[in-house]
Amino acid sequence: MNKFALFLILFFISLCTWCKEADDERIDFDKLSSSFIEGLTFNNFPKVDGSTSNLPLNTVIACTLFGIDYTWVRDWGNLQRIEPNLNRNDTRKFLSLVKSSQTHQSFINLINEEADIILSARKMSPDEKSYADDKGVDLIEIPIALDGFLFVVHPDNPVESLTIKQIQDIYTGNITNWNELGGNHAEIQPYVRNANSGSQELMETLVMKDLNISLFPESYYELLNVIGGMVPVYETVAYENNAICYSLFYYKEYMITGINVKTIAINGIFPNKETIGNNSYPYVAEVYAVIRSDLDKSSMAYKLFQWLQTQEGQQTIGNSGYVPFNQ
C-alpha cells in the first residue's frame, strides 16, 4: 500500500469519527432543567465549589439533578473522576457547573461570595472562622455524608493495626521506630499535609486533639515532612518503605488508582462503608454542605442546600460512593 492510499484511509476514518461526533445528540443547555428542584436550570445553577475529595460528589449531584448519566473515567496521573456521558464539547460545558478550589480556598471563596455553596471534608478552620468574622460573615455547615480518615503505609510494612495512642505517639515523636509497634527495626518517617488542607485540619482536630505534632528529625525536615496535595501522599508512601501519612477513605477507594499502599486498621478496625456507617471505625469524618447564613432562601443555592438533606439527595450521595449521613 502506497503512502497516498494510506493517507486516504486515515483521512476517511478521521472524517467518519468527526461526523459521528457531530451527529451525536447535542444538549440544548438553554432548555436544560431539573426535575428534582423546581426552577433549577443550567443557566441559574449555583456556583458550587469544594474540597478535592468532594469533586466527584459535586459532579454526581449535577448529573443527577439534570438526568444525565455518568461514569468513572481515568484522569491525568493516578486519578479517576466522574464524567457525564456526553459528547466532548457538551461535557466540557456541563463540567463548568462544578469546580474544586480545594478545602481552604473554597471556604474563602464562599466567604467572599465567589461561591454560593461548597461541599467540604471538614468544618471551617480557626483561620477561616477568623477571616469570616472579619468580613462579618456567618456560615451554616450541615453534615450530608460520612467519610473515614485513614492512615497509609508502604505495602511491605508488616504492621497491620495501630491504636489511637500509638498514632498520637508517632506524631508527637514519642514513638520513632517501627519495632516499637511490632514492625521492622527502622526509623518511622511520618509525613503531614500542608496547613489548612482538609486532611491536615482533620488530623489536628480528629486525631491529635490537644496534642501538638512534633517537628521531625532533620533527615526528614529537609523535605519539611509536608506534602502538598493528596496524590503525593500515595506516591510518597508507595516509594518510602518506612513512611506513614493520612488521607480519606473516599479518595483512596474511588479517586486514586495505580498506586499500591496499605491502609492501617485503627484499634483493630479497618475503614470501610460498614464501619464508617455504624461509627465503629474510630476516625469517622463528616462531609458538610456549607452556605452563608445570609443566603437568600428563595435562591437555587439554598434549594440545593435543602435538597441534599432530602431522601433523594441522600440517595444521590450514596450513588456517588459516599456513605449518606442519614442512612
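**Pocket, helices and salt bridges**

Student: Which helices and strands each supply at least two residues of the lining of the largest pocket?
Tutor: Residues of this predicted model are numbered from 1 along each chain as its sequence is written, with local features needing pLDDT of at least 70, side-chain atom pairs pLDDT 80 or more, and totals for chains, interfaces and linings using all residues. Side-chain values use heavy atoms, without hydrogens or water. A pocket is an open set of points on a 1 Å grid over the protein atoms alone where a 1.4 Å probe fits, with protein on both sides within 12 Å along at least five of seven lines, and lining residues have an atom within 4 Å of a point. With helices (H or I, at least four residues) and strands (E, at least two) taken as DSSP runs numbered from the N terminus, the elements supplying at least two lining residues each are α2 (55-65), β3 (80-84), α4 (103-111), α7 (198-208), α9 (231-239) and α10 (249-255).

Student: Which residues lie nearest the centre of the largest pocket?
Tutor: The lining of this pocket comprises 34 residues. Those nearest its centre are S51, T52, S53, S100 and Q102.

Student: How many of the residues of α2 are buried?
Tutor: Buried means under 20% relative accessible area, exposed over 50%, and partly exposed in between (1.4 Å probe, protein chains only). The buried residues of α2 run through P56, L57, N58, T59, V60, I61, A62, C63, T64 and L65. Helix α2, which also supplies at least two residues of the pocket lining, is mostly covered, and its buried count out of 11 residues is 10.

Student: Which residue just after α2 takes a positive phi?
Tutor: The helix α2 spans residues 55-65. Just after this helix, a positive phi of about 65 degrees is taken by G67.

Student: What is the phi of the residue that follows α6?
Tutor: Helix α6 covers residues 164-172, with I167, Q168, D169, I170 and Y171 buried. The helix is followed by G173. The phi of G173 is positive, near 85 degrees.

Student: Which residues are joined with R81 into one salt-bridge network?
Tutor: A salt bridge is a side-chain nitrogen of Lys or Arg within 4 Å of a carboxyl oxygen of Asp or Glu. The structure holds 10 of them, including the one between K252 and E253 (3.6 Å, N to O). Bridges that share partners connect R81 into a single network with D75 and E83.

Student: How far apart are the closest N and O atoms of R81 and E83?
Tutor: R81 has a relative accessible area of 26% and is therefore partly exposed. E83, at 21%, is also partly exposed. Their side chains form a salt bridge in which the closest N and O atoms are separated by 2.5 Å.

Student: In which helix do K129 and D133 both lie?
Tutor: K129 forms a salt bridge with D133, the closest N and O atoms being 3.0 Å apart. K129 is partly exposed at 36% relative accessibility, and D133 is partly exposed at 41%. The two residues are 4 residues apart, about one turn of the helix, and the helix holding both is α5 (residues 126-135).

Student: Is K252 buried or exposed?
Tutor: Its salt-bridge partner E253 is partly exposed, with a relative accessible area of 42%. K252 itself has a relative accessible area of 18%, and so K252 is buried.
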